[in-house]
Amino acid sequence: MPEPHAPTPAGDPTGAPAIELVDVVKRFGATTVLDGLSFAVAKGERVALIGPSGSGKTTILRLLMTLEEADGGFLYVDGEPYTHEVRDGRRVPIPEKRRRRVRRRVGMVFQQFNLFPNMTVLGNIIEAPVHALGLAREEAVARADRLLEQVGMADKRDARPTALSGGQQQRVAIARALAMDPEILLLDEVTSALDPELVVDVLEVLRTLAETTDLTMLIVTHEMQFARDVSHRVLMFDRGRIVEEADPETMFTAPTHVRTQAFLKAVLG
Amino acid sequence: MTGGLWSWEQAAAALPPILEGFRVTLVATVVGMVIAAVLGLVIALVRRSAGRWLTVPVGLFVELVRSTPLLVQLVFVYLMLPSVPALVIGCTVLGVHYATYLSEVYRAGIEAVPRGQWEAATALDLPRARVWRAVVLPQAVRNTLPGLGNYAISMFKETPYLFSISVVEMFTAAQQYGAATFDYTEALTMVGLIFLAVSYPTSLLVRRMENRLA
């Protein structure tokens, strides 16, 4: 019987979790998307978030990237408070400077790639290492070339993003996120905007990445086979709550919750 | 008056002062446009990111400039600052006047940069100043080029207002020539043709730019 709460082969069982959410609340206007959500992800663990659209999966990634602000609760990265902390018994925001120091350990790949169209592929990748990490240009270029090789885009180094297919753009975006050497990688429906024939290459890059690194990954995806292949644990979301959590084998072959059964039936046919 | 409707001798005689005036027109347009382009961007950035202590006065100033005629602004500043050369005042007032319009062009250009660009910059932890300089402004300025071109043409055509502060640009030169010779036809016709010869091709160029960006 697999142990659902600590399946972390590459993890470090004594340290703090890589990511921890405690009682997180997020509202958009009158709609409460997350209502007191708590869960933790161990270091090196790869967790897939599945569930119907609007169930709050993407919001979780956006909160962890500080693209949204939680209305309540706390986020921790490596045990460090990330956006808010308790001081004198009150929940107060953390100064931007400390927030940035923590954020530097987190990278994200977006559904719409979001490459910078005014820069070349290489320019996209070295931009942040040079200007956020302060790396020397030559060093950043060497790192970029290595990563472009890794994602199979070395020959497009000097191309503009607009000249690339969606799948190629997404592979560049993956290289760009990795160039910051993050400990945690957030993948937000990275194949949803791609034509079906382009999905394979992107997933292949990510599979290899999962097999060869100990990156902590939080994966929001509709590609169930991919979730099953690369994740250590799957969380099934519905209306901002985790309705079921299990190892991928159990989740996809013997789901217990009625919502999970209905959802998997709908997406897998 | 000379005999016919049009005299080529008159035209030839009027041409040198008109070309001299054209030089002044060009200087006023180019300098005015540089001021407008830079100041317009500053206004757009201030109104977007500064605190209320700055956005409120800047907003009031923009409304004031837009709600009063260029002609009145020119004469007012000219009379208030008698020691400043008229051409300097002309360029500056044109520049400031148009800056208030260009700030809106920039605002629209900045807003047209997709939200995903900001989000990617945040995810990459780029410093705020770098996001503006390397990511947002290059894309925003690209969006604004046709707008800047149209306002440049418009400013070019409004340089005759400098007449009111005795700057001898092209139109004033033709006026003076006419007043001296009692013959306005050739001089004013040529001024009109020169305006047309510059504005029309430029507007075609701007339209091509718009189509390329669309």
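Me: Where is A:Thr66 found?
Reply: A:Thr66 is in the loop between α1 (57–64) and β4 (72–77) of chain A; helices (H or I, at least four residues) and strands (E, at least two) are DSSP runs, numbered from the N terminus. This is a predicted model, in which local features need pLDDT of at least 70, side-chain atom pairs count only at pLDDT 80 or more, and totals for chains, interfaces and linings use all residues. Residues are numbered from 1 along each chain as its sequence is written, while chains are lettered from A and ligands numbered from 1 in the order in which they are written.

Me: What is phi of A:Thr66 near?
Reply: Near 60°, a positive value in a residue other than glycine. Most residues other than glycine have a negative phi.

Me: Is A:Thr66 buried or exposed?
Reply: A:Thr66 is buried, with 21 other C-beta atoms within 10 Å. Buried means 20 or more other C-beta atoms within 10 Å of its own, exposed 12 or fewer, and partly exposed in between, with C-beta atoms placed from the backbone.

Me: And what about phi of A:Glu189?
Reply: Phi of A:Glu189 is also positive, near 45°. A:Glu189 sits in the loop between β9 (184–188) and α6 (196–212) of chain A, and is buried, with 20 other C-beta atoms within 10 Å.

Me: Other topic. How many residues of chain A are in contact with chain B?
Reply: 19 residues of chain A, against 15 residues of chain B; contact means C-beta atoms, placed from the backbone, within 7 Å.

Me: Which element of chain A gives the most to that side?
Reply: α3(A), with 3 residues. The elements giving two or more residues are α2 (96–103), β8 (106–109) and α3 (121–131) of chain A.

Note on methods:
Two residues are in contact if their C-beta atoms, placed from the backbone, lie within 7 Å.
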